[in-house]
Amino acid sequence: MTLEGTNTWVLRAPGVEGCVVVDPGDDEIGHLERVAAQGPVALVLLTHRHHDHAGGAARFAELTGAPVRALDPSLVLGSEALGVGEVVAAAGVELRVVATPGHTSDSVSFLLDGPGAAQAVLTGDTVLGRGTTVIDHPDGKLGPYLDSLRRLADLAPGTAVLPGHGPELPDAPAVAAAYLAHREQRLDQVRDALTTLGSGATARQVVELVYADVDESLWPAAEWSVQAQLAYLRG
């Protein structure tokens with residue numbers, strides 16, 4: 001589910017001592033201490049609530065004294081919730097908060113687009129470095145996720161992707177367009193499955209038909225996404 005693990009991003013402008021940490025990760029003290037050692041932490045940002053991204057945020061705040069900001073107010077420590085469209089400035093970098101719900105309802109991305117900075121977008125689990133994203137139904141929903149992908153597809157060509165899992169990617173619009181095409185293909189497959197199985201088919205029945213060529217260990221994750229697809233098609 002996490003590929004090689006969850007990516008924690010440490011950002012700072014050249015010559016700046018402090019840093020911004022995006023997604024400190026799970027509550028694993030060895031990892032948190034290594035990240036804290038990267039320099040004085042001015043701010044912690046969370047892309048969404050899942051434990052592998054945010055589970056260690058409270059302990060990390062204790063280690064560093066840095067405030068934690070997220071879209072979900074329940075995750076905020078020592079500051080205030082993020083606002084969509086807000087530009088967060090710290091450690092010499094500027095990050096614009098982009099609403100990208102779908103994987104979860106509180107998912108955001110951060111567009112790095114300050115003076116002298118190479119344009120990049122930190123996508124959390126909205127776009128991965130390899131493979132595709134699970135819709136965490138019922139909190140996550142396919143309709144908003146498709147809108148989020150369209151939002152990323154509208155970014156400037158050459159905007160790099162710094163994902164929550166897997167390697168960096170060179171072009172966010174191209175990846176988002178490929179994700180959209182994949183989702184449309186899956187929706188067509190689910191529509192065909194419902195024609196075969198009947199309109200009242202369960203998500204599990206659809207998975208067994210549509211994902212027959214996928215390792216069965218991945219079927220539970222696929223079932224989450226199919227539940228989201230069925231909700232989208234039925235409603």
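This tour goes from the sheet to the salt bridges of a predicted model.

**The sheet**

Start with the open sheet of five strands, ordered E5-E6-E7-E8-E9. Its pairing is mixed. Select residues 87–90 for E5 and 160–163 for E9. These two strands are the edges. Each has a single partner strand, so one side of each has no neighbour in the sheet. From one strand to the next, the twist averages 25°.

**The salt bridges**

The whole structure holds 10 salt bridges. Select glutamate 4 and arginine 130 for one of them, at 3.0 Å from N to O. Glutamate 4 lies in the segment before strand E1, and arginine 130 in the loop between E8 and helix H4, so the pair ties together parts 126 residues apart in sequence. Glutamate 4 is exposed, at 60% relative accessibility. Arginine 130 is partly exposed, at 41%.

Next, select glutamate 86 and arginine 69. Their closest N and O atoms are 2.8 Å apart. Glutamate 86 sits in the loop between E4 and E5, while arginine 69 belongs to strand E4. Is arginine 69 buried or exposed? Arginine 69 is buried, with a relative accessible area of 7%. Glutamate 86 is partly exposed, at 22%.

Move on to helices H6 (203–210) and H7 (219–234). Arginine 204 in H6 and glutamate 223 in H7 form a salt bridge, with closest N and O atoms 3.8 Å apart.

Finish with Arg49, Asp72, Asp106 and Asp139. Salt bridges with shared partners join these residues into one network.

Conventions: Residues numbered from 1 in each chain as written. Predicted model: local features only at pLDDT ≥ 70, side-chain atom pairs only at ≥ 80, totals over all residues. Heavy atoms only, no water. Pairing = 2+ DSSP bridges. Helix = DSSP H or I, 4+ residues; strand = E, 2+ residues; numbered from the N terminus. Axes fitted to C-alpha atoms, helices over the stretch in contact; angles between N-to-C directions. Salt bridge = Lys/Arg side-chain N within 4 Å of Asp/Glu carboxyl O. Buried < 20%, exposed > 50% of the residue type's maximum accessible area, 1.4 Å probe, protein only.
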